[in-house]
Amino acid sequence: SVVILDFGSQYTRLIARRIRELRAYSVILPGTASLERIKAENPQAIILSGGPASVFDPHSPRPAAAVLEQPLPTLGICYGMQLMAQTLGGKVERAGRREYGKAVLTQHSGPLFAGLEGELQMWMSHSDAVTELPPGWRVIAQTEENPVAGIASPDGRTFGVQFHPEVVHSPKGMQVLENFLELAGVARDWTPEHTLETLLADVRAKVGNDKVMLAVSGGVDSSTLALLLARAVGDKLTAVFVDHGLLRLNERREVEAALRPLGDKNLRVVDAAQEFLSALRGVTDPEQKRKIVGREFIRVFEREARALSEQGYRWLAQGTLYPDVIESAGSGEGSANIKSHHNVGGLPEDLKFELLEPFRYLFKDEVRELALLLGLPEPIRMRHPFPGPGLSIRILGEVTPEKLDILRRADDIFISSLRDWNLYDTVSQALAVLTPLQSVGVIGDERSYGYVLGLRAVSTVDFMTADWARLPLDFLDEVARKITRQVPEIGRVVYDITSKPPATIEWE
Ligand code: XMP
């Protein structure tokens, strides 16, 4: 495996993903982790991430000295390279100005660049620079501006690079990372098949003969987890699917079909639509809607959990992913030390489950690969995210059964059309929003009033920022015609051309 020490770079997770794309297992630890902690991961190599700090800042995060002196092959990226150079007897200086953007390596040599000929474009973002090498080290890359863009240790197994091989703006960066893994002799056995076998064995060892419950939402994570657990523990699993009445058209049927391998007995569908709708009656404030849906969900789930707990269920499985638990430098997020025996997700004190989180070391795309192996149907495997509060936050104003019905039909036309035009996978998320606005139209010779429906589709990597999707005009034209024809309550269709920020993805 590879341990990535995080010094606060925005790219640290990307490094971890790239290494896993190269089929090597990687974990992220805080940059200041002790050598002992690092060794507990049994790494074959270490990567030092970049970071926003300067090595001249007395408070900048630093690896324990022992970490840089140990013999494992190490790759320092940007700030990581500067730390390395400074600690091992070289010199770092303030460059005076910041080198930022695409740079070209005019010179590069040695095995880190094996298979890469000629000038190489790499992404740079730094203002300090290495000006003197530690004793015995060699320069292996240069740019016009930067005579020390890459360095290698005397034993030729440890490297520093000033550029960021992990980002897309370094088109051959993956080759550099792969060369490093090869030179370090890192095992490349992190295949989906291997991951699946490991997870199945881990779950079986942990759970033994005990019973497991799981809440499924219809999203890819919980559905994949349901299939994994069904394979691992068979009949000892009960998956609970709460239908809150705020789902899309046919969604419940799709989820039931996808989870059929669990068998009828192991999938419990709770129809709670009436409870949710009554609780939402008269509510117009979006944050209030979110709170109510969250509260009702816990109420229904608690009822199910209590019943199962009385039948001896001991484990509660959750589809927590690695990005939720990474304990990285300075971010303060994550919860690497989650206790395995605690009170979970708002359940009351007296209801104790042990928490089972088989995916807590996986990234989303790795879960999707597992989903493929486990036979999760494509529409669910490649599904866009869908918010927990469901359609309640896509009906601006009060949620009523009539409005849900209108929105469901219109949304289904939009989403099915995206699939028909092979556009669904080209966008990250698509949705329809029913506004309370009524606008004037004309049908035949009559004036008519109909709702204004908003359509939105976005492209995004992390959902923190998003760009509105440039869907073909002919496509939008067809969708608007279909919706106004088949859903007569809607009089006008508009397409949202606002990016995030300033707009959010959802309208509420
Ligand atoms: P926004 O609207 O904040 O959405 O740009 C970013 C992503 O989060 C989803 N979203 C939610 N998911 N509960 C959820 O589970 C919520 O209350 C919620 N609000 C927004 C949204 O669909 C998008 O993917």
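This is a stop-by-stop tour of the structure above, from the whole chain down to single residues.

You're looking at a predicted model, where local features need pLDDT of at least 70, side-chain atom pairs count only at pLDDT 80 or more, and totals for chains, interfaces and linings use all residues. Residues are numbered from 1 along each chain as its sequence is written, and side-chain values use heavy atoms, with hydrogens and water left out.

**Stop 1: the whole chain**

Start zoomed out, with a cartoon view. The C-alpha trace of the protein chain spans about 85 × 60 × 40 Å along its principal axes. Colour by secondary structure and you have 15 helices and 19 strands; these are DSSP runs numbered from the N terminus, H or I of at least four residues for helices and E of at least two for strands. Of the 508 residues, 51% are buried, where buried means under 20% relative accessible area, exposed means over 50% and partly exposed is in between (1.4 Å probe, protein chains only). Areas here come from the Shrake-Rupley method with a 1.4 Å probe; for residues, only the protein chains shown count as cover. Now for contacts, meaning heavy atoms within 4.5 Å. Among those between residues at least 6 apart in sequence, 74% join residues at least 24 apart.

**Stop 2: the ligand**

Up come Arg-290, Pro-387, Gly-388, Pro-389, Gln-429, Phe-463, Lys-500, Thr-504, Ile-505 and Glu-506. This shell divides into four nonpolar, three polar and three charged residues. In that scheme Ala, Val, Leu, Ile, Met, Phe, Trp, Tyr, Cys and Pro are nonpolar, Asp, Glu, Lys and Arg are charged, and the others, Gly among them, are polar.

Next, draw some distances to oxygen atoms of the ligand:

- Glu-506: an N or O atom in its side chain is 2.5 Å from a ligand oxygen.
- Gln-429: a polar side-chain atom lies 2.7 Å from a ligand oxygen.
- Gly-388: here a polar backbone atom is 2.9 Å from a ligand oxygen.

On its own the ligand has 490 Å² of accessible area, and the protein covers 69% of this.

While you're here, click Phe-463, in the loop between β17 and β18 (467-468). Phe-463 has a positive phi of about 65° although it is not a glycine. At 30% relative accessibility, this residue counts as partly exposed.

**Stop 3**

Select Lys-500 through Pro-502. Which peptide bonds are cis? One joins Lys-500 and Pro-501, with omega about -15°, and another runs from Pro-501 to Pro-502, with omega near 10°. Most residues other than glycine have a negative phi, and most peptide bonds are trans. Pro-501 sits in the segment after β19.

Carry on to Glu-508, also found in the segment after β19. Glu-508 is buried, with a relative accessible area of 17%. The side chains of Glu-508 and Lys-289 are joined by a polar contact of 3.0 Å; a polar contact is a pair of N or O atoms within 3.5 Å, and within protein one must be able to donate a hydrogen and the other to accept it, while residues adjacent in sequence count only if both atoms are side-chain atoms. Leaving out residues up to four places away in sequence, Glu-508 touches several others, including Arg-290, Ser-392 and Leu-396.

**Stop 4: helix α14**

Select 401-420. At 1.5 Å a residue, the 20 residues of α14 should span 28 Å, and the end C-alpha atoms are 28 Å apart, so the two agree. The expected span is 1.5 Å times one less than the number of residues. Among the buried residues of α14 are Leu-404, Leu-407, Phe-414 and Leu-418. The buried residues pack against α9 (273-280), β16 (429-443), β17 (446-459), α15 (473-486) and β19 (490-495).

Asn-422 counts as exposed, at 66% relative accessibility.

**Stop 5: Arg-383**

Finish in the loop between α13 (378-381) and α14, where you'll find Arg-383. Is Arg-383 buried or exposed? Arg-383 is buried, with a relative accessible area of 13%. A polar atom of its side chain lies 3.4 Å from the backbone oxygen of Gly-218. Beyond neighbours within four places in sequence, Arg-383 is in contact with Gly-218, Gly-219, Glu-251, Arg-368 and Tyr-424.

Terms used
Near = heavy atom within 4 Å.
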